Every structure is written in C-alpha cells, then in structure tokens.
Amino acid sequence: MSRLSFARTFVRVVLLSVSLVSGLFAPALARAESLKMAVTTSFNNSGLSDILLPEIKKDLGLDVQLLIVGTGQALRLGQAGDVDAVLVHSRAAEEAFLAAGYGTHRREIMYNDFVLIGPKSDPAGIAGAKTAVEALKKIAAAKVPFVSRGDDSGTNKKELSLWKSAGMDSSGFGSWYRAVGAGMGASLNTASGMNAYIMSDRASWLKFANKGDLKLLYAGDPVLFNQYAFIPVNPKLHPQVKTDLVAKLETWLTSEKAEKIINDYKINGEKLFVFNAKR
Amino acid sequence: MSDIFNGLAAAFWLIVTLDANLVEISLRSLQVTLSALAIACVFAFPLGTWLAVQRFRLRRTAIATLNALMGLPPVVVGLVVYILLSRSGPFGVLGLLFTPTAMIIAQVIIITPLVASITHQAMRDLWAEYHDLLISLKTTKMQRIRTLIWDGRRTLLTAALAGFGRAIGEVGAIMIVGGNIDHATRVLTTAIALETGKGDFALALGLGFVLIALALAVSIVSHWLSQTEREGRW
C-alpha cells in the first residue's frame with residue numbers, strides 16, 4: 001500500500017511539474033510575433049515606452065519585449081546575440097560596437113537632455129553656472145556629496161566625459177563622490193536620501209516620484225544633449241536574430257506616427273523628447 | 001510611516017479591483033516558483049533521504065557540502081545560469097535566456113540544496129526510529145528510502161515550504177536570467193525592484209504585501225490539503 005501510494009504521489013508530482021512548465025509555454029506559442037530589444041533605463045523610466053509599445057503592437061502586431069539595462073549592458077546583450085536590437089545613448093560606445101561588427105547600422109531616433117539635480121539650498125551654487133563643466137567644477141570645489149551612476153551606462157559615460165572636460169579624474173575624488181553602481185531610478189533614490197547632487201536625464205527626473213528635497217538646478221548646455229540611436233544586431237554573427245521584424249520596427253520608429261507620439265509626449269506640460277530621425 | 005499606510009492602501013486597491021497586471025505577475029510568480037519547487041523536490045527528497053540511510057566514506061563531507069550550499073548566493077547562480085544560457089554560451093542554441101524556463105532553472109539550483117538538507121535532517125531522526133524494523137524486514141535500499149519518504153511526508157511538507165519561501169521571494173537570480181520583461185518574465189519581486197527604482201514606494205510596498213499574502217496563502221492551503229494539525233493525526 002505504502003509503496004504503491006508513494007509511486008502514485010511521485011507520478012503526480014512529476015505530472016504536476018510538467019503541466020506547470022508546459023502551461024508557461026502555451027501562452028508564448030499562442031502570442032503574436034515578438035522580438036527582444038535592450039533599452040536604457042532612462043527610456044523606460046520616462047514612461048515613453050508605455051505609450052510606444054501598445055501602438056507598435058496595434059500597428060505591426062509585434063510584441064516588443066524590453067530588457068531595461070544600462071547602455072553598457074545593452075551593448076553586451078547585443079554582442080552576445082541575446083537581443084535582436086538595442087536602443088541606447090552613448091555615441092562613442094555605439095561606434096565601437098559597430099566597428100567591431102556586432103551591429104548592422106546606427107539610426108538616430110530622438111534626443112532628450114541631461115540635467116543637474118541637487119539640494120534646494122544649492123550649497124555649491126551651480127544654478128548660476130555658465131556651462132555644465134563649470135557647474136561640476138563648483139561641486140568638486142565645494143566637495144558636496146555627488147551621486148554617480150557608476151554602472152557604465154550612457155548617463156554614466158556622459159558624466160565621466162564631463163569630468164574629463166573639466167580636467168579632473170573622478171577616480172581620484174574623495175568620499176563626497178559616491179558611485180552607486182545602479183540604474184537611474186535607484187541612483188535618484190540614493191541622491192534623494194543623501195540630499196546629494198546627481199546628473200540625470202530630464203525624463204527620468206520628471207517621472208521620479210521620490211524627489212524629497214531635490215531640485216533641478218542646471219540645464220541647457222548643448223553638451224548635455226542625449227542622442228538615442230537604434231542599432232540592429234548583426235545577423236551574420238547571430239543567425240537567430242529576427243532581421244525582418246527588426247526592420248519593420250525601425251521603419252515604424254522613424255515613421256511620421258512615431259514622430260508625432262514622441263514629440264507630443266509630455267510630463268507636467270514639459271516636452272521630453274525631440275524626434276530627429278532622418279527618413 | 002505614511003509610506004507604509006500608502007503601501008497598504010495600494011495593496012488593498014490592487015487586490016479589490018483585481019488589477020489585470022497584478023493578477024498576471026502573481027500567477028507568473030506562482031507558476032515559476034511552484035514548477036521550480038516540484039522539480040527540486042523530485043531530486044531533493046530522495047537525495048536527502050538517501051544521505052540519511054546510506055553510510056559511505058565521504059558522507060560527512062557530502063552533508064557538510066549540502067548544508068553549505070543552502071547559502072548559495074542567488075546572484076552568483078543567476079550569473080552562471082545567464083552565461084550558460086546566453087546565445088554565446090554553451091546552451092545558447094536553446095534560446096532559453098530571458099524566458100520563464102530560465103528562471104525555473106535558476107530557482108531549482110537555488111532551492112534543491114535547501115530542500116535536500118532539511119529532508120536529510122528530518123529523515124535522520126525517522127531512520128533512527130525505523131532502523132531496526134526495516135533492517136529486520138530485509139528491505140532493499142530503495143524500499144527503505146520510499147518508506148521513509150512516505151512516512152515522513154508531513155515533515156517533507158515543511159522542507160518544501162521552506163524551498164517555496166526562498167524561491168518566491170528571490171529577486172537576484174531571476175532578475176538576471178529573466179530580464180524583468182513586461183508580460184513575459186516580470187514577477188512580483190522584480191516588479192517591486194522596478195517600482196522602487198521609479199521611486200513609487202506605495203506601489204512597490206503594495207506589491208510586497210501581495211507577495212507576503214501569497215506566501216501565506218500557499219502555506220495555509222498546503223497544510224489544509226495535507227490535513228496536518230488535526231485531531232487524531234500528527
């Protein structure tokens with residue numbers, strides 16, 4: 001009796017697990033075509049993806065599955081062939097990616113800008129700075145807490161290049177410079193908790209719900225422009241890449257409809273992205 | 001403090017209105033975790049029991065190793081599974097990365113040692129009790145293991161629930177191998193991480209309360225199904 005029941009229970013457990021696992025696959029099979037795209041945290045945190053994806057689904061019947069990572073990791077995913085395309089914002093890294101043959105081409109889609117955030121009291125006095133580099137110099141001179149993404153993302157790369165333009169090396173900074181190694185939202189949370197300065201893209205900042213005592217202090221320098229580009233992964237290296245779907249998506253992202261949606265997207269009445277794809 | 005009340009309110013509204021997204025990610029959480037648990041138990045119950053019954057030279061080392069593996073860091077498991085399943089890794093052709101299957105694989109690796117270790121602890125005591133009887137009946141090793149598993153099934157429930165608890169609340173590994181893709185691999189824990197990143201603490205906390213409620217419900221249902229703590233039964 002006991003042996004028989006044991007065998008029966010064993011079979012039941014196996015059947016249960018098999019049915020559970022197969023239950024996971026069934027909806028995947030029934031679903032529309034899908035492709036994977038690695039995008040930056042700033043693109044997703046801005047909320048723009050929540051508006052674009054349903055439209056893409058409606059027009060193309062295409063499920064775009066987003067992997068939300070930093071630019072560095074997004075390019076790694078493309079290099080390994082784990083995604084079909086990437087949408088990132090770090091020109092130098094993108095060009096290196098193309099030069100190594102990992103992507104087929106680079107198509108500029110839109111841009112937004114970076115802003116400098118800090119405590120309302122602005123102890124370093126960056127609000128009156130003339131350039132972004134000058135603002136950073138003031139922060140370094142005052143040695144007030146500054147949170148850096150420190151995650152090799154596009155925003156992080158931009159910040160490091162600005163320190164370089166200011167003639168300073170961020171690796172030699174004291175304890176006021178805090179590299180947290182996290183995404184935009186998590187870094188903003190940290191800055192909010194420490195009442196520190198931070199560089200963010202405008203979209204993530206406007207959407208961010210835990211502003212605390214922080215305030216937008218500096219923006220507008222042209223070096224703070226943040227160009228987003230779409231790069232399909234090279235099918236010669238990774239035959240499983242869905243090139244046709246990627247091409248359809250690229251056509252849609254550069255279409256007049258996408259232009260209107262992107263240009264009309266606003267948070268609190270502020271325009272966030274400017275469409276600039278060449279057709 | 002007000003964040004916690006906002007979180008409770010958010011959880012309440014999410015549940016009362018049966019938010020479609022919430023239902024979807026909760027079901028996915030359950031599917032992934034229960035699948036991983038079922039697979040882990042198939043390996044872990046016989047392994048833990050076998051370790052209690054069998055005497056061999058490296059037994060102590062094997063048990064110590066198993067106990068140490070209970071503390072396997074999920075992030076490292078996630079990273080290793082990620083590298084193995086990546087298109088440029090050895091199992092890349094299967095195309096499993098960023099699917100629920102990849103999440104199940106990672107969770108099986110994380111919870112199998114835990115379930116096996118607790119099984120072993122329970123079975124060691126039971127074996128001390130059954131030893132003379134089963135030896136005198138001239139049972140084979142397989143028969144002994146089966147008998148112990150069947151008669152110790154209620155303690156095994158505890159082992160399984162411990163595994164469930166570890167898996168359902170896990171975020172490090174499934175974030176890496178699942179990628180937190182909306183409508184594909186997003187589960188409760190990764191959704192909480194995402195909402196925290198957006199600074200929406202109320203929603204994050206609300207999801208957290210739903211997660212706790214879910215774990216509680218599974219535990220209660222499993223005890224009820226196996227009819228423990230009832231009069232006349234142990």
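Among contacts in chain B between residues at least 6 apart in sequence, what percentage join residues at least 24 apart? In this predicted model, the share is 78%. Chain B is built from ten helices and has zero strands. Its pattern along the sequence reads α-α-α-α-α-α-α-α-α-α. Along the principal axes, the C-alpha atoms of chain B fill a box of roughly 65 × 55 × 30 Å. Of the 234 residues in chain B, 44% are buried.

Chain A is assigned two domains. Domain 1 covers 32-111 + 225-275, and domain 2 covers 113-224. Their centres, taken over C-alpha atoms, are separated by 26 Å. At the boundary, 20 residues of domain 1 of chain A are in contact with 19 residues of domain 2 of chain A. On the domain 1 side, helix 2 (41-45), helix 4 (71-80) and strand 9 (225-232) of chain A each supply at least two residues. Helix 2 of chain A gives the most, with three residues. By residue class, this side of domain 1 of chain A divides into six nonpolar, 13 polar and one charged.

The largest nonpolar core has 98 residues. Those with the most contacts inside this core are Val86(A), Ala106(B), Val115(B) and Val177(B). Helix 5 of chain B, residues 100-136, gives the most to this core, with 14 residues. Val86(A) touches Met37(A), Ala38(A), Ala74(A), Leu75(A), Gly78(A) and Ile231(A), when residues up to four places away in sequence are not counted. Another core, of 28 residues, lies apart from the largest one. Among its residues are Phe114(A), Leu116(A), Val147(A) and Tyr218(A). In soluble globular proteins, nonpolar side chains tend to be buried together.

A further site of interest is a loop position in chain B. Arg186(B) sits in the loop between helix 8 (172-178) and helix 9 (188-197) of chain B. Is Arg186(B) buried or exposed? Arg186(B) is classed as buried because 20 other C-beta atoms lie within 10 Å, and the cut-off for burial is 20 or more. Leaving out residues up to four places away in sequence, Arg186(B) touches Ile25(B), Asn180(B), Ile181(B) and Ala191(B). The C-alpha atoms of Arg186(B) and Met175(B) are 8.6 Å apart in space. In sequence, Arg186(B) and Met175(B) are eleven residues apart.

Note on methods: Residues numbered from 1 in each chain as written. Chains lettered and ligands numbered in written order. Predicted model: local features only at pLDDT ≥ 70, side-chain atom pairs only at ≥ 80, totals over all residues. Domains from an automatic or database assignment. Contact = placed C-beta atoms within 7 Å. Helix = DSSP H or I, 4+ residues; strand = E, 2+ residues; numbered from the N terminus. Nonpolar A, V, L, I, M, F, W, Y, C, P; charged D, E, K, R; others polar. Buried ≥ 20, exposed ≤ 12 C-beta atoms within 10 Å, placed from the backbone. Core = buried A, V, L, I, M, F, W, Y, C linked by C-beta atoms within 7 Å.
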